[in-house]
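Some questions about how this model is described, each answered from the values behind the wording.

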Amino acid sequence: MRLLPWTDADGKPCYLSTDNPHSLLSQLADDIEAAQLASAEQVLAGARAVLGDPKAGDRALRFALARALESLGDVLRIAVRKGAG
């Protein structure tokens with residue numbers, strides 16, 4: 001069973017039952033994971049910029065933190081799937 005990089009409408013994990021890493025759904029999941037990791041790199045850079053700006057207001061800090069939490073969740077799900085968690 002493969003943990004997919006998305007959840008259902010209730011926020012529960014989704015799984016794919018296949019041993020074929022070349023199936024269409026497996027390849028889609030791989031592409032989404034790659035996009036999530038690339039996005040996480042951008043979010044990290046943005047969060048660092050906001051935290052390094054002494055004039056950043058509460059709104060900017062909350063936005064940066066919210067995006068960082070989303071990205072962290074994505075990255076942790078990928079790590080668990082790959083056996084790193």
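Q: How many helices and strands does the protein chain have, and in which order do they run?
A: This predicted model has two helices and two strands in the protein chain. Starting at the N terminus, the order is β-β-α-α.

Q: Why is the protein chain called more spread out than a compact globule?
A: For 85 residues the globule rule gives 12 Å, and the radius of gyration of the protein chain is 16 Å, well over that value, so the chain is more spread out than a compact globule. Along the principal axes, its C-alpha trace spans about 50 × 25 × 20 Å.

Q: What makes S1 and S2 count as paired strands?
A: Pairing needs at least two bridges, and three bridges join strand S1 (residues 2-7) to strand S2 (residues 13-16), so the two strands pair. They run antiparallel. Leu 3 stands opposite Tyr 15 in S2.

Q: What is found between the strands in the hairpin of S1 and S2?
A: Five residues lie between the strands of this hairpin, where Gly 11 takes a positive phi near 85 degrees.

Q: What share of the 85 residues in the protein chain is buried?
A: Buried means under 20% relative accessible area, and buried residues make up 22% of the 85 residues. The protein chain exposes about 6,200 Å², with 59% of it supplied by carbon and sulfur atoms.

Q: Where do the mean positions of the positive and negative charges of the protein chain lie relative to each other?
A: The mean positions of the 10 positive and 11 negative charges are 6 Å apart.

Note on methods: Residues numbered from 1 in each chain as written. Predicted model: local features only at pLDDT ≥ 70, side-chain atom pairs only at ≥ 80, totals over all residues. Heavy atoms only, no water. Helix = DSSP H or I, 4+ residues; strand = E, 2+ residues; numbered from the N terminus. Rg over C-alpha atoms; globule rule 2.2 N^0.38 Å. Buried < 20%, exposed > 50% of the residue type's maximum accessible area, 1.4 Å probe, protein only. Areas by Shrake-Rupley, 256 points an atom, 1.4 Å probe, with all protein chains shown as cover. Lys, Arg positive; Asp, Glu negative; His and termini not counted. Charge placed at Lys NZ, Arg CZ, Asp CG, Glu CD.
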